[in-house]
Amino acid sequence: MVTTHTYDALVVGGGGAGMRAAIELSDRVRTAVISKLYPTRSHTGAAQGGVCAALGNTEEDHPEWHAFDTVKGGDYLVDQPAAILMCEEAVEAIYQLERWGLPFNRTPDGRIDQRRFGGHTANHGERPVRRACYAADRTGHMILQTLYQQCVKRDVRFFNEFYVLDLLRADDGRTAGVVAYELATGELHVFRAKAVVFATGGYGRIFRVTSNAHALTGDGPAVVWRRGIPLEDMEMFQFHPTGLARLGVLLSEAARGEGGIVLNRDGERFMERYAPTIKDLAPRDLVSRAIYQEIREGRGAGPNGDWVFLDISHLDPAVIEEKLPDITEFARIYLKVEPTVEPVPIQPTAHYAMGGIPTDVDGRVVVGADERVVPGLYAAGECACVSVHGANRLGTNSLLDLVVFGRRAGLSAAQDALEGSLAPLPEDPAGPTLAMLDAILTRTSGDNAADIRRELQDAMFDLAFVVRSETSLTKMREILGGLRERYARVAIGDRGSIYNTDLMEAVELGFLLDCAEALVVSALARTESRGAHYREDHPLRDDANWLKHTLATRREDGSVELDYKPVKMGPYVPMERKY
Amino acid sequence: MTTPGEILQTSDRREVRARPDRITLEVVIRRFNPERGEDSWWDEFRVECDPLERLVEVLHQIKWYQDGTLAFRRSCAHGICGSDAMLINGRNQLACKVLAQDVAPTVRIEPIRGLPVLKDLIVDLEPFLQGYRSVLPYLINESGEPERERLQSPEERARYDDTTKCILCAACTTSCPVFWGDEGYVGPAAIVNAHRFIFDSRDEAADERMRILSDKTGVFRCRTTFNCTDACPRGIEVTKAIQEVKRAILFERF
C-alpha cells in the first residue's frame with residue numbers, strides 16, 4: 001500500500017542544515033521534514049570544536065580575513081563569492097543561534113568566547129586568530145539541540161524514521177516530490193511538494209576508518225545521482241588528522257586550538273618541520289599528509305606503526321575539564337588512555353565530503369557547466385557543494401555552512417513554494433522503489449551485504465585515502481566493478497515489514513557504492529594534487545589545467561561521465577599554500 | 001622528570017602489550033517481533049571479538065553474520081547521538097559506550113523499560129518525547145532582541161551547564177521506577193531539559209515551566225532513587241537537577 005502526502009515543501013534530513021531550512025520554511029509554508037533518524041540523532045551533534053565567525057570578541061578580526069582563510073584553506077577550488085558571502089553572514093548567523101538560546105562559552109565580560117582553530121588566521125596568514133565560537137567541545141550538539149528546540153517551538157511536522165529512496169521529477173524536469181520507506185511498517189509513501197530540500201549529510205562510511213556515524217551513507221547524493229543530477233568535486237574528501245587510533249572517532253581540532261600538539265613515536269613535534277608558522281594549527285589536509293609522511297619514514301607508533309600521538313598532557317587540567325571534556329572521555333573509554341598524563345594514539349580518519357550536490361548560494365541545485373537550475377530542487381549542508389570548502393574545508397566551517405546555507409535554502413525554497421505549483425507525478429511514482437526493494441527482499445540466496453561493505457571500506461581506505469595514485473585508483477575502480485556485480489545479487493536475512501534494518505542497510509550499501517564510484521572516477525581523472533586530493537604521481541597543484549570543478553554524471557548505461565565547470569574567482573589570486 | 005619520548009615509548013609498549021587476544025562473548029538478547037507473535041523470547045549468540053570492541057559492534061556482528069532480523073537503533077557509535085540506550089546486564093547504558101571486556105563472558109541485553117517495545121531492542125519513543133515537549137524546551141524571551149548577542153557571565157553560563165549535555169537517549173527516564181508505574185509522569189529527561197532553561201539567565205518562562213512541573217505529573221513524583229543519575233551516559237547529575245527544580249518551586253516562586 002502506498003500513501004500519498006502533499007505539502008508545500010519537504011526537507012529530507014533532520015540534521016543541522018535540514019532543521020535550519022525547516023525553521024525558515026515552516027514559518028512560511030506547509031512543511032514536512034522526512035528523516036531516517038530521529039532528528040537529534042543526526043551527526044551534526046558529533047561536531048565538537050566550534051563554529052567560526054569574525055565577531056572580534058577577543059581580538060581584532062574581519063569577515064574578509066575569514067574569507068581569505070577559507071579560500072586559501074580550500075586550495076583555491078573555493079567559489080570565492082560564495083565564501084565571502086558565507087563569512088559575512090556568519091556574524092549574524094551566530095547571533096541568531098545565541099538568541100535562540102545556544103549556550104556558548106563566554107568571555108569574562110559576558111560576550112561569546114572565541115578560540116583558535118586550524119587554518120584560521122589574522123590578516124591573511126600572519127598568526128592564528130581567535131575566531132571559533134564554541135560550547136565546550138560539544139558545539140555541534142548544542143547547535144543540533146537548539147535547532148530542534150526551535151522546531152519544537154514551531155511545531156514542525158517530522159516524519160521520523162522515514163527513509164527517502166527516490167526523487168520524483170516531472171517530464172519537464174520540475175521536482176514533483178520524493179518516495180520514502182517507513183521503517184516502522186515497511187510501507188512506501190509518496191510525498192508531493194513544490195520544493196524539496198536535500199540535507200542528508202555525508203558518506204564517510206565508504207572508508208574503514210571514519211569519524212562518521214553508521215547512518216552517513218550518502219543517501220541524498222546517491223538518490224539524485226540516480227535521477228541524472230551530477231555530483232560536484234566528489235574526489236575532495238577530507239581526512240581529519242586526529243581520529244582515535246583504530247576507531248576513527250574524532251578528537252577535535254580544538255585540542256590543538258587549546259595548545260595540544262602532535263608527536264611522532266620519538267616524541268618529536270614534527271609539525272614544526274611541515275608548517276613552521278602555525279605548526280600544529282595547519283589545515284587538516286597538511287597535518288594528515290605530514291602524519292602519513294612520518295609513518296612512511298618509520299616514525300609511526302602502535303602495533304602496525306601507523307599511529308602518531310596527540311598530546312594535551314601539558315595543558316592545565318582545569319582547561320581540559322572545562323573545554324575538552326568529551327574528547328578526554330573518548331580516550332579514556334575507548335583506548336583506556338589518560339590524556340591528562342599521557343599522549344593519545346591517533347590516526348587520520350575520513351571526516352567530511354567537500355563535494356556533493358551542486359548548488360548556488362541560495363541552495364538551488366544547478367546542473368551542467370552553465371549551471372542550469374533544477375526547478376524546485378535544493379540542497380544544503382554536507383550533502384551539497386556550494387562550493388565554499390573547495391578542496392579542503394577549514395575546521396568549524398561545516399557548522400557555519402549548514403546554518404548559513406540551510407537558512408538560504410529554506411528561504412528560497414519557501415519562495416518557490418509560495419509562487420509555484422505542484423508538478424505532476426510520474427506514472428506509478430513508487431514503482432521503481434518497490435521494484436528495488438522487492439528484488440532484495442525476494443532473493444533467497446546471494447552475497448552478504450556486510451562482506452561487500454567491509455571489502456569496499458577496506459579497499460577505499462587502502463587505495464583512495466590520504467595518498468592516491470593512478471595505480472591505486474585504477475585498482476580501486478576495478479574492485480568497485482566487482483563489488484557492484486556482487487551487490488546485484490545481495491541477499492538479506494530479514495524479510496519482515498517491521499523495522500527491517502537489514503533491508504535498510506542493504507539499500508544504504510548501494511548508495512555507498514555509488515558515492516565511492518563517483519569519488520574514484522573523479523579522483524582518477526584529476527591529475528594534480530590539491531587540498532585533500534593528493535596524487536603521489538602528480539604531487540603539485542596544476543592551476544593551468546585543474547582550477548576547475550569536477551561534475552560526475554551517471555549515464556543511462558551505468559558508466560560515469562565527467563564534465564567540468566570553472567571556479568568562480570574573486571579577489572584572491574592563487575598562490576603557493578604555505579603555513 | 002620523564003621526557004615526552006619516554007612517555008611515548010611506555011605508552012607505545014603498553015599499546016603493543018595490550019594488543020589483545022580475542023575473547024568469546026556470550027550475548028543473551030530479549031527478542032520481540034510482532035510479525036512472529038505476541039510473546040517475547042530469549043536468544044543466545046556467541047561472538048568472538050576484540051576485548052575493546054564496543055557492544056554495539058558486537059550486535060552488528062550478530063546482525064551481519066548470524067541473524068539479520070535482529071533490530072536495534074544506532075548511529076554515531078561513540079555516545080553522542082543517543083540512539084542505542086539498552087538495558088545491559090540490568091543497567092541502562094549506551095551499547096556504544098560498553099566494551100566487550102567489561103561485560104565478558106556473558107552479557108544480557110534487553111530493551112529499555114517503560115516504553116512500548118516495537119521490535120527487539122527498538123522501543124516507541126513518542127511517550128518519552130511527549131514528556132520532553134510538555135516542559136516548553138526552548139528559550140523564551142519576549143524582551144526584544146539585542147543587536148549582537150545577549151550578555152551572560154561565565155558564572156551564569158555555568159549555572160545550567162550540566163543539563164545542556166542531555167542527548168535525549170531516554171536512559172534516565174526508562175530507569176525510573178516511578179516512570180514505569182505511572183504513565184503520566186514526565187520523567188527525569190523532561191525535567192533535565194526544563195532545568196536547562198529555568199536556570200538560564202536569558203530565559204523568562206521559568207514560572208510557566210515550574211507551574212507545569214508542580215502539576216501531578218511533575219517533579220514531586222520523583223522519589224529520589226538516583227537510578228537516573230546512575231543511568232545517564234553523559235554524566236549529568238540528574239537527581240540533583242530534579243532536586244533543584246523542586247526547591248525552586250517550593251522556596252523561590254510558589
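**Exercise 1.** What percentage of the 579 residues in chain A is buried?

*Solution.* Start with the ground rules: this is a predicted model, where local features need pLDDT of at least 70 and side-chain atom pairs count only at pLDDT 80 or more, while totals for chains, interfaces and linings use all residues. Residues are numbered from 1 along each chain as its sequence is written, and chains are lettered from A and ligands numbered from 1 in the order in which they are written. Next, the term: a residue is buried if 20 or more other C-beta atoms, placed from the backbone, lie within 10 Å of its own. By that count, 67% of chain A is buried.

**Exercise 2.** How many helices and strands does chain B have?

*Solution.* Take DSSP runs, with helices being H or I of at least four residues and strands E of at least two, numbered from the N terminus. Chain B then has 10 helices and 7 strands. Its C-alpha trace spans about 65 × 60 × 35 Å along the principal axes, and 48% of its 254 residues are buried.

**Exercise 3.** Which helix of chain A gives the largest share of the side that touches chain B?

*Solution.* First, call two residues in contact if their C-beta atoms, placed from the backbone, lie within 7 Å. The contact then involves 54 residues of chain A and 51 residues of chain B. Among the elements of chain A that each supply at least two residues are helix 3 (80–99), helix 4 (139–153) and helix 15 (501–525). Helix 4 of chain A takes the largest share, with 6 residues.

Notes:
A residue is buried if 20 or more other C-beta atoms lie within 10 Å of its own, exposed if 12 or fewer, and partly exposed in between; C-beta atoms are placed from the backbone.
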